[in-house]
Number of protein chains: 2
Amino acid sequence: MSPTITAFKASPDRGRGLARDMRVRWALEEVGLPYDVRLVTFAEMKAPAHLTRHPFGQIPTYEDGDLALFESGAIVLHIAERHAGLLPAGADARARAITWVFAALGTVEPPILDLQVARILEHDKPWAEARLPLVEDRIRVRLRQLSDRLGDADWLDGGFSAGDLMMASVLLRLGASGLLAEHPNLAAYVARAEARPAYQRAFAAQLAVFVAASGG
Amino acid sequence: MSPTITAFKASPDRGRGLARDMRVRWALEEVGLPYDVRLVTFAEMKAPAHLTRHPFGQIPTYEDGDLALFESGAIVLHIAERHAGLLPAGADARARAITWVFAALGTVEPPILDLQVARILEHDKPWAEARLPLVEDRIRVRLRQLSDRLGDADWLDGGFSAGDLMMASVLLRLGASGLLAEHPNLAAYVARAEARPAYQRAFAAQLAVFVAASGG
């Protein structure tokens with residue numbers, strides 16, 4: 001039986017592939033695992049049935065038989081541990097790849113989420129314009145460090161791994177901010193990730209949902 | 001050979017156990033694994049030798065033979081996967097415990113870190129006072145959801161796990177904000193975690209470093 005994930009019925013990113021179901025779709029495509037999708041509205045996400053699956057009322061969730069998981073990082077890691085394609089073979093290399101999953105979610109994404117808070121949740125506040133450069137500078141610190149570590153390598157540690165999948169997904173959230181372009185090696189890294197056939201298939205699948213939802 | 005972790009030579013939290021080495025110390029104490037500590041100054045954290053271990057120039061790191069890891073979540077998970085005491089036996093229960101590690105770091109901690117940004121990095125900004133209630137309300141949303149899920153259980157999913165270790169560590173960062181006290185079951189959950197002998201040993205070890213550094 002295929003696992004079932006949840007995704008936005010009408011994604012607020014308008015099909016740009018920035019919602020967190022994209023990370024799970026991409027991982028499933030990388031390992032070649034078919035999956036079903038249950039679409040949920042914002043109201044359904046906050047209703048008891050979904051809160052049983054996801055206590056924080058978000059997407060994605062992952063259900064496979066009796067197992068129900070939430071958190072894109074946990075789901076991607078779960079898939080990566082059970083199917084070839086997202087983690088290297090050696091125990092040490094595997095632990096390092098998992099470290100990059102945590103680094104993407106715990107160190108690089110928080111200041112990027114703060115940019116979304118500044119731009120969306122607080123865009124009408126009196127401090128919005130004055131505060132934005134501070135938020136951007138905190139992102140710049142992380143991007144510079146990440147750029148230094150990546151250097152001219154294709155991926156963060158050897159071959160493409162779940163760590164790269166998560167890091168590229170997080171960096172894509174910088175969107176049109178222009179911050180990624182300040183580091184050509186990071187921009188190339190993300191472009192390399194987006195060019196992967198598995199990414200392309202996942203992107204097309206989530207875009208199809210948005211197009212259908214918007215009656216297109 | 002024992003693993004070696006890094007920690008602040010002089011922790012900015014003044015020995016209150018809120019620095020991220022505490023999470024790793026606590027995990028090592030839970031599984032009964034002896035460890036060595038290399039103390040680093042802020043200058044050393046940003047120097048090339050440490051950046052090789054930790055590309056973002058932070059603590060903790062974890063070295064065991066040829067393996068070098070960073071990110072407290074990845075290190076705790078690495079320890080939990082190799083030693084009994086932090087993950088349940090069944091595969092599904094194990095995946096759910098790991099989900100809580102990610103939920104702590106990816107969903108609950110970011111708004112709490114934002115509170116630290118607001119209080120420390122931006123405390124002298126003209127918007128500091130007006131913005132604080134917004135930041136606190138974003139934390140309140142997560143605490144209410146977490147409180148609903150925990151209910152009157154002792155731990156988040158069955159017995160104490162790495163997920164509880166990480167969630168309690170994150171909640172402890174709320175410190176004297178008063179936010180935790182709004183949910184008695186969460187306050188009791190954190191107190192239950194702090195009462196564990198392994199937590200107590202880890203806390204004493206990090207406190208001893210601070211006392212020594214401050215010439216006490």
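Which residues are buried in helix α8 (residues 184–194) of chain A? They are A:Leu186, A:Tyr189 and A:Ala193. A residue is called buried if 20 or more other C-beta atoms lie within 10 Å of its own, exposed if 12 or fewer do, and partly exposed in between, with C-beta atoms placed from the backbone.

This is a predicted model, in which local features need pLDDT of at least 70 and side-chain atom pairs count only at pLDDT 80 or more, while totals for chains, interfaces and linings use all residues. Residues are numbered from 1 along each chain as its sequence is written, and chains are lettered from A and ligands numbered from 1 in the order in which they are written.

**Helix α8 of chain A**

Helices (H or I, at least four residues) and strands (E, at least two) are DSSP runs, numbered from the N terminus. The buried residues A:Leu186, A:Tyr189 and A:Ala193 belong to α8(A). They lie on the same side of α8(A) because they cover an arc of only 55° around the axis; the arc is that of the directions from the helix axis to the C-beta atoms. A:Pro184 and A:Ala191, on the other side of α8(A), are exposed. The cover over the buried residues of α8(A) includes α6, α7 (162–172) and α9 (197–213) of chain A.

Helix α7 of chain A holds A:Ser169. A:Ser169 counts as buried because it has 25 C-beta neighbours inside 10 Å. Leaving out residues up to four places away in sequence, A:Ser169 touches A:Met22 and A:Arg23; two residues are in contact if their C-beta atoms, placed from the backbone, lie within 7 Å. A:Ser169 and A:Arg20 are 149 residues apart along the chain, and their C-alpha atoms are separated by 8.5 Å.

**Strands**

In chain B, strand β1 (residues 4–8) is mostly covered, with four of its five residues buried. Two strands pair if DSSP finds at least two bridges between them. β1(B) pairs in the parallel sense with strand β2 (residues 36–40) of chain B, over five bridges. The bridge partner of B:Ala7 in β2(B) is B:Leu39. From β1(B) the chain crosses through helix α1 (residues 21–31) of chain B to β2(B), in a right-handed β-α-β crossover. Right-handed is meant in the sense that, with the strands pointing away from the viewer, the path from the first strand over the helix to the second runs clockwise.

β1(B) also pairs with strand β3 (residues 61–64) of chain B, in the antiparallel sense and over two bridges. Here B:Ile5 has B:Tyr62 as its bridge partner in β3(B).

In chain A, strand β3 (residues 61–64) and β4(A) run antiparallel and are joined by four bridges. A:Thr61 has A:Phe70 as its bridge partner in β4(A). The hairpin of β3(A) and β4(A) has two residues between the strands, and in it A:Gly65 takes a positive phi near 60°.

**Backbone exceptions**

Most residues other than glycine have a negative phi, and most peptide bonds are trans. The table lists some exceptions.

| Residue or bond | Backbone value |
|---|---|
| A:Ile59 to A:Pro60 | cis, omega near 0° |
| B:Ile59 to B:Pro60 | cis, omega about 0° |

A:Pro60 is in the loop between α3 (48–53) and β3 of chain A, and B:Pro60 is in the loop between α3 (48–53) and β3 of chain B. A:Arg14 lies in the loop between β1 (4–8) and α1 (21–31) of chain A, and is exposed, with 12 other C-beta atoms within 10 Å. B:Glu71 sits in the loop between β4 (67–70) and α4 (72–82) of chain B, and counts as buried, with 27 C-beta neighbours inside 10 Å.

**Contact between the chains**

Chain A and chain B each bring 34 residues to the contact. On the side of chain A that touches chain B, β4 (67–70), α4 (72–82), α5 (91–121) and α6 (128–150) of chain A each supply at least two residues. α5(A) gives the most to this side, with 13 residues.

A rotation of 180° with 0.0 Å of shift along its axis superposes chain A on chain B (RMSD 0.0 Å). That is the relation of a two-fold axis. Copies are superposed by least squares on the C-alpha atoms of residues with pLDDT of at least 70 in both. The same surface serves both copies, as 100% of the contact residues of chain A recur in chain B.
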